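I opened a new page to keep track of what I looked up in this structure. The entries follow the order in which I worked.

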Amino acid sequence: MNKQTISDVDVDWLRGRTVVVRADLNVPLDDGRIADDQRIRASLPTIEALIGAGARVVLLSHLGRPKGVKDPAQSLGPVARRLEELLGHEVRFIPESDGAQAAPAVRELRDGGVALLENTRFLAGDTENDERLAASWAALGDLFVNDAFGTAHRAHASTAGLAEAMRAKGGDAVAGQLMALELRFLEEVLRAPDRPFVGIIGGAKISSKIGVLSALLPRVDRLLVGGAMANTFFRALGLETGTSLVEDDSVQVARGLLENGGECLVLPVDCVVAAEPSEHAEARVVGRDEVSPGDMILDIGPKTRERYGDMIARSRSIVWNGPMGVFEVDQFAEGTLAIAKAVAEACDQGALGVLGGGDSAAAAERAGVAHRLTHVSTGGGASLELLAGAPLPGVDSLSSRRS
Ligand code: ADP
Ligand code: MG
């Protein structure tokens, strides 16, 4: 990557400097309580490095979708307290989102001190990439660190706008440790992958993944399709898909991909079907040309599991996004769990395996194999955009490496 990261910053220079950090602390909340603190934990390495260097750390993040309105239910207050516990270090919560209003409290920080501002999306200007708002945050510090990989595909005031504003006033904008890690693995697997290179794509959000599919197809040796994504291809082949989830708008694109993909594009040969995606429904295994009008395709079948498993076992590089079936229901989880295990085994044998997508990551956790994968990406949308070759404004806006 030709962008500067926090490792390029002189540690001695950091002492006493104020560093504005855009983190991704967008945790799921359940009745005001943090349901899963994974994103806070993933942000710790950058924050700890800055504290260790004696910098004054000003954290920014969005939480939920408050759409420019101050909503107490989406306050970052509880996140500040959780962060404090995890860091074992005081975190001052500043109940202001705008940099100008937060400035007096920020000036009170001591070396090694940490403050978290209120939800950036309480202000409409964040998602509108408002220049004044971005400049108000840039004015708080000497350096900007963007560690929010999850929002890197958006040009918001607290991401790309702030980076531009910091550089405009002569400061640098660099990638944090998490951002740098995400980019390293995703770019490595795309730039010069060891072969065979296998892509696995599934899940439900077909239209948003067709771009990834098209971009991956010419790069990989095999692209294994599962999940509801496969149904759209079955429809394009003229097969019966019953009551399965199919995105009609994507059928035409699927037809084109089938024509160009040749034997690189691999579809399931059998599936698990039922009347509905429930624990109580009676599940059957059928060939892909044996689906009845009343059937819903809910997982890949055993022959497909075996075929996909063999191809994964022979691969040296793997990118995986999207579950193979409705893995939330036990009787439709086998396909996804089998793929998770196959990818983990390939990684044990030295393959590079990168997984992206919130639900896919949850499935890998459930299979108990997440820790065996080379990298599990924290940014669903951003990792898809990167794999699809789309620009990432949050990254493009950072300072380039000095030669
Ligand atoms: P990710 O979050 O990993 O990017 P998606 O959000 O695209 O994945 O898709 C995950 C969802 O896809 C899961 O909730 C799963 O139940 C659903 N899914 C997978 N296969 C099917 C299918 N055949 N029919 C309907 N839903 C499916
Ligand atoms: Mg999802």
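**Entry 1, ground rules.** I am working with a predicted model, in which local features need pLDDT of at least 70, side-chain atom pairs count only at pLDDT 80 or more, and totals for chains, interfaces and linings use all residues. Residues are numbered from 1 along each chain as its sequence is written, chains are lettered from A and ligands numbered from 1 in the order in which they are written, and side-chain values use heavy atoms, with hydrogens and water left out.

I then listed N and O pairs between protein and ligand 1. In the side chain of Ser360, an N or O atom is 2.4 Å from an oxygen atom of ligand 1. Asp359 has a polar side-chain atom 2.8 Å from an oxygen atom of ligand 1. Ile297 takes part through its backbone, where a polar atom is 3.0 Å from a nitrogen atom of ligand 1. Ligand 1 exposes 580 Å² when taken alone, and the protein buries 88% of that. These areas come from the Shrake-Rupley method with a 1.4 Å probe.

How many disulfides does the structure hold? I counted zero, with a disulfide taken as a pair of cysteine sulfur atoms within 2.5 Å. Cys347 is buried, at a relative accessible area of 10%. Cys271 is buried as well, at 2%. Buried means under 20% relative accessible area, exposed over 50%, and partly exposed in between (1.4 Å probe, protein chains only).

I found Val319 in strand E15 (residues 317-321). Is Val319 buried or exposed? Val319 is buried, with a relative accessible area of 2%. Leaving out residues up to four places away in sequence, Val319 touches Val189, Phe197, Val198, Gly199, Ile200, Leu216, Val354 and Leu387; contact means heavy atoms within 4.5 Å. Val319 and Leu387 are 68 residues apart along the chain, and their C-alpha atoms are separated by 9.0 Å.

Thr120 sits in the loop between E6 and H5. At 0% relative accessibility, Thr120 counts as buried. Among the residues that Thr120 touches are Arg22, His62, Asp126 and Trp137. I looked up His156 next, in the loop between strand E7 (143-146) and helix H6 (157-168). His156 counts as buried at 7%. Its contacts beyond four places in sequence are Arg121, Asp126, Thr127, Asn129 and Gly161.

Asn129 has a positive phi near 55° and is a residue other than glycine. Asn129 lies in the loop between strand E6 (114-117) and helix H5 (131-138), and is partly exposed at 28%. Lys67, also not a glycine, has a positive phi of about 55°. Lys67 is in the loop between strand E4 (56-60) and helix H3 (77-87) and counts as exposed at 71%. After H3 comes Gly88, with a positive phi near 65°. Last, I noted a cis peptide bond between Arg195 and Pro196, with omega about 0°. Pro196 lies in the loop between helix H7 (177-191) and strand E9 (197-201).

Conventions. A polar contact is a pair of N or O atoms within 3.5 Å; within protein, one must be able to donate a hydrogen and the other to accept it, and residues adjacent in sequence count only if both atoms are side-chain atoms. Helices (H or I, at least four residues) and strands (E, at least two) are DSSP runs, numbered from the N terminus.
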